[in-house]
Structures are given as C-alpha cells and as structure tokens.
Amino acid sequence: MKDVNKLQADLDKLTVCASTSQMRFNIDKCKVMHLAANNWHAAYVLEGVKLGESLVKKDLGVLVYHRLNNSMQCQSVASKANRILSCIKRGMDSQDRNVLLPLYKALVRPQLEYVVKFWAPVHKKDVLELEKVQRRATKPIKGLKDLSYEKRLNELNLLSLLRGGGGGER
C-alpha cells in the first residue's frame with residue numbers, strides 16, 4: 001500500500017507542476033497498467049479524474065501485456081509478416097530464388113526479428129508460430145518445394161528462427 005501512496009503522491013506533484021506551467025494532461029490518453037499477479041489494482045487520480053486501466057500497450061512496435069508474456073506480440077508479428085508475404089506472393093509470378101529470397105529478406109524477415117531480443121519469445125508455441133511464416137516463405141521457391149524445411153534453410157543459407165534467435169543469414 002505504501003507504493004500506491006507514493007505513486008499517487010507523484011501524480012499529485014505532476015498535477016501541481018502542470019498547473020503551475022499552465023499545461024494540461026490529456027486524461028483520456030493517461031492509463032494505468034497493473035503488472036504482475038500480486039498487484040493491488042489501486043485506482044489512481046490525475047487532475048481529479050480517475051485514470052482508466054489498460055491491459056496492453058504498444059510502444060515502439062512492441063506489445064506489452066499486463067501479464068508480461070509475449071504470446072500476443074508473437075501473434076501480432078506473425079500476422080503482419082504473413083500479410084506481407086501474401087502481398088509478395090500475389091504480386092509476383094516468379095518462383096525464382098533470386099526474386100523471392102531478397103524480397104523475403106528485405107520485407108518479411110525483419111518483421112520476425114524486430115527487437116526480438118527485447119520481447120524474446122520463450123514459449124515453443126510462440127517460436128513455432130514465427131517459424132511457420134518462414135516455412136511458408138521458403139516452400140514456393142522453385143526447386144525447393146519437395147525438400148524438408150531444414151534442407152530448404154540450408155539451401156537458402158538461412159537460419160531457423162527456433163535455433164537462430166533472429167540471427168538472419170549464416
């Protein structure tokens with residue numbers, strides 16, 4: 001309870017400081033995210049208005065979920081990468097590796113690797129969700145369709161997202 005009171009005191013100081021500077025907060029954009037299971041879920045007030053609560057926040061393209069797990073981020077990244085991959089497949093008639101591989105490396109793989117060290121997928125199901133995008137990207141390349149996924153990666157000089165940890169090429 002002591003931390004709750006300290007945080008509310010800090011919010012009160014912010015209110016006084018903003019008032020002195022003739023500035024106002026956009027209260028609709030100010031939210032509270034209660035992190036961890038043992039949180040008090042206290043109500044906080046800014047400029048006399050109770051702040052709303054948020055379960056998820058997107059910052060610098062990374063979803064931060066109140067339970068601090070990364071499954072939502074993995075789903076979001078995989079979905080975006082799949083949309084880009086679909087656009088490439090619809091827009092390209094070629095199945096040549098000299099066409100598809102550079103497009104994959106430039107447009108799709110960066111989505112899968114973006115700040116992965118920060119949100120580090122820890123659950124195998126999340127990593128497999130990302131890996132599925134790369135499987136889908138390598139399958140239509142001419143001459144590789146009948147190869148196993150591991151052999152396709154080897155042939156294309158790509159690392160598995162599962163083992164490569166977002167390292168890109170070998």
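Predicted model: local features only at pLDDT ≥ 70, side-chain atom pairs only at ≥ 80, totals over all residues.
Residues are numbered from 1 along each chain as its sequence is written, and side-chain values use heavy atoms, with hydrogens and water left out. Helices (H or I, at least four residues) and strands (E, at least two) are DSSP runs, numbered from the N terminus.

**Helix 6 and what follows**

- Helix 6 spans residues 149–156, and Tyr149, Arg152, Leu153 and Leu156 are buried there; buried means under 20% relative accessible area, exposed over 50%, and partly exposed in between (1.4 Å probe, protein chains only).
- Looking down the axis of helix 6, the buried residues fall within an arc of 100°, so they line one face of the helix; the arc is that of the directions from the helix axis to the C-beta atoms.
- As background, an α-helix has 3.6 residues a turn, so residues three or four places apart point the same way.
- Asn157 follows helix 6 and is found in the loop between helix 6 and helix 7 (161–164).
- Asn157 has a positive phi of about 60° although it is not a glycine, and its 33% relative accessibility counts as partly exposed.

- Two packed helices are described by the angle between their axes and the distance between the axes. Here, axes are lines fitted to C-alpha atoms, for helices over the stretch in contact, and angles run from 0 to 180 degrees between N-to-C directions.
- Angles under 35 degrees count as roughly parallel, over 145 as roughly antiparallel, 65 to 115 as roughly perpendicular and the rest as oblique.
- With helix 6: the axes of helix 5 and helix 6 come within 10 Å and cross at roughly 70°, so the two are roughly perpendicular to each other.
- On the helix 5 side of that contact (heavy atoms within 4.5 Å) are Glu131, Gln134, Arg135 and Thr138, which meet Tyr149, Glu150, Arg152, Leu153 and Leu156 in helix 6.
- With helix 3: the axes of helix 3 (residues 97–113) and helix 5 (residues 124–138) come within 10 Å and cross at roughly 165°, so these helices are roughly antiparallel to each other.
- Tyr104, Val108, Arg109 and Leu112 of helix 3 make the contact with Leu130, Val133, Gln134 and Ala137 of helix 5.
- With helix 2: helix 2 (residues 71–91) and helix 5 pack at an angle of about 5°, with their axes 9 Å apart, so they are roughly parallel to each other.
- Residues of helix 2 that meet helix 5 include Cys74, Val77, Ala81 and Leu85, and among those on the helix 5 side are Leu130, Val133 and Ala137.

**Two loop residues to look up**

- Tyr44 is found in the loop between strand 1 (31–32) and strand 2 (45–46), and at 9% relative accessibility Tyr44 counts as buried.
- Tyr44 and Val4 are 40 residues apart in sequence and 8.4 Å apart in space, C-alpha to C-alpha.
- Not counting residues up to four places away in sequence, Tyr44 touches several residues, including Val4, Leu7, Leu11, Val32 and Leu51.
- Gln22 sits in the loop between helix 1 (2–20) and strand 1, and Gln22 is exposed, with a relative accessible area of 76%.
- Although Gln22 is not a glycine, Gln22 has a positive phi of about 55°.
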